[in-house]
Amino acid sequence: MKAMRLIDIDGPSLDVIETIVERAVALSKGSEPLAQTHTIANVFFEPSTRTRVSFEMAATRLGLRVINLDGERSSMTKGESVLDTLATLHAMGVELAVLRHGHTGICHELSEQLPPSLGLINAGDGCGHHPTQALLDAATLTAKGVRLSEAKVVICGDLRHSRVARSNVALLKRLGVGEIGLAGPEALMPAPGSGFDGLRHYDNLDAALIDADVVMMLRVQKERMDESDGGLDLADYHLHWGLTTERLAKAKPECWVMHPGPMNRGVELSAQVADGPQSLILDQVRMSVFTRMAIFEALLS
Ligand code: NCD
């Protein structure tokens, strides 16, 4: 039997996407989870706190058996490929792998090569895609009553390296969002043809924030920058692109602030904004468990 996969936002039907978002919200309001008897593996080759732990919590709440494999401590260090590692886990009974890896496009590549009966969830591939983050962001906004079709969403920061932004743009478009605005320094703008075409780009955050209902701040991904990105001065970055209380006042009074984490206080946003009444940062983390439960239910049932 062919297993279900979630590699990017364009894969599932709109029906499946809407079911996941609605189910995540229902689970967050106390709906009973559908008990599961499958075995899944979290296979993480990049550092992660919230994504890895929330996948584990989600699986545990559904009654799934969970194997956690830390890529840095696996046979990969002896030269085994990711494909062979996943095929090995599958031979032992793992039915679905949740994979995070630094190589952009690895989940698409593996999807062609893996045993068809092994399910796969992309938990972030390099600068590629992060579909489960986009789904949990949509669920967080839906739970807050945001009507996406009428909303202006601003995504600000290091768009060039952001799988979170790429998946969010794809999902917001599919859900028929009112408007998406991009903001950030020119050097960190996405390359043409990389999923962001046709969107308005603001060259300053104050202008982008006018009439915004939601602002998603992105982490400056220093680990993915090379010399061509130029040295980035973080204090200067905060001065121009950091979200402060004064800047946030340019948006609609009820504008929500999001950040996928991990956040750098004083760089992408001030501590006051991060901890302020408009911040959804911990709501996103809470919703991440329910959304990943809904994703497991959709893929495994
Ligand atoms: C993001 C990631 O790893 O892609 N974080 C997350 O999954 N919550 C964003 C980031 O690392 O900046």
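**Figure 1. Helix α2 and the residue that follows it in the predicted model.** Just after α2, G63 adopts a positive phi of about 85 degrees. The structure shown here and in the other views is a predicted model. Helix α2 comprises the 13 residues 50-62.

**Figure 2. The buried residues of α2.** T51, S54, F55, A58, A59 and L62 are buried in this helix. They cover an arc of only 135 degrees around the axis, and therefore lie on the same side of α2. The elements that cover these buried residues include the strands β2 (39-44), β3 (65-70), β4 (96-101) and β5 (119-125). Helices α5 (131-143) and α11 (281-300) are also among them.

**Figure 3. The buried residues of helix α4.** In α4 (residues 106-113), the buried residues are I106, C107 and L110. Their arc around the axis is only 90 degrees, which puts them on the same side of α4. The cover over the buried residues of α4 includes α3 (82-91), together with β4 and β5.

**Figure 4. An open sheet of five strands.** The strands follow the order β8-β7-β6-β9-β10, with parallel pairing. At the edges are β8 (200-202) and β10 (256-258), each of which pairs on one side only. On average, neighbouring strands of this sheet are turned by 25 degrees against each other, direction ignored. Strand β7 (residues 179-183) runs parallel to β8 and is joined to β8 by three bridges. L182 has H201, in β8, as its bridge partner. Helix α5 packs on the sheet, where it touches β9 (214-217) and β10. The direction of α5 makes about 160 degrees with that of β10.

**Figure 5. Surroundings of S301.** S301 is located in the segment after α11. Its relative accessibility is 66%, so S301 counts as exposed. Leaving aside neighbours within four places in sequence, S301 is in contact with L34, Q36 and F296. The side chains of S301 and Q36 are joined by a polar contact of 3.5 Å. A polar atom of the S301 side chain also lies 2.6 Å from the backbone oxygen of E297. Between S301 and H38 there are 9.6 Å in space, C-alpha to C-alpha, while the two residues are 263 residues apart in sequence.

Terms used: Residues are numbered from 1 along each chain as its sequence is written. This is a predicted model: local features need pLDDT of at least 70, side-chain atom pairs count only at pLDDT 80 or more; totals for chains, interfaces and linings use all residues. Side-chain values use heavy atoms; hydrogens and water are left out. Helices (H or I, at least four residues) and strands (E, at least two) are DSSP runs, numbered from the N terminus. The expected span of a helix is 1.5 Å times one less than its number of residues. Buried means under 20% relative accessible area, exposed over 50%, partly exposed in between (1.4 Å probe, protein chains only). The arc is that of the directions from the helix axis to the C-beta atoms. Contact means heavy atoms within 4.5 Å. Two strands pair if DSSP finds at least two bridges between them. Axes are lines fitted to C-alpha atoms, for helices over the stretch in contact, and angles run from 0 to 180 degrees between N-to-C directions. A polar contact is a pair of N or O atoms within 3.5 Å; within protein, one must be able to donate a hydrogen and the other to accept it, and residues adjacent in sequence count only if both atoms are side-chain atoms.
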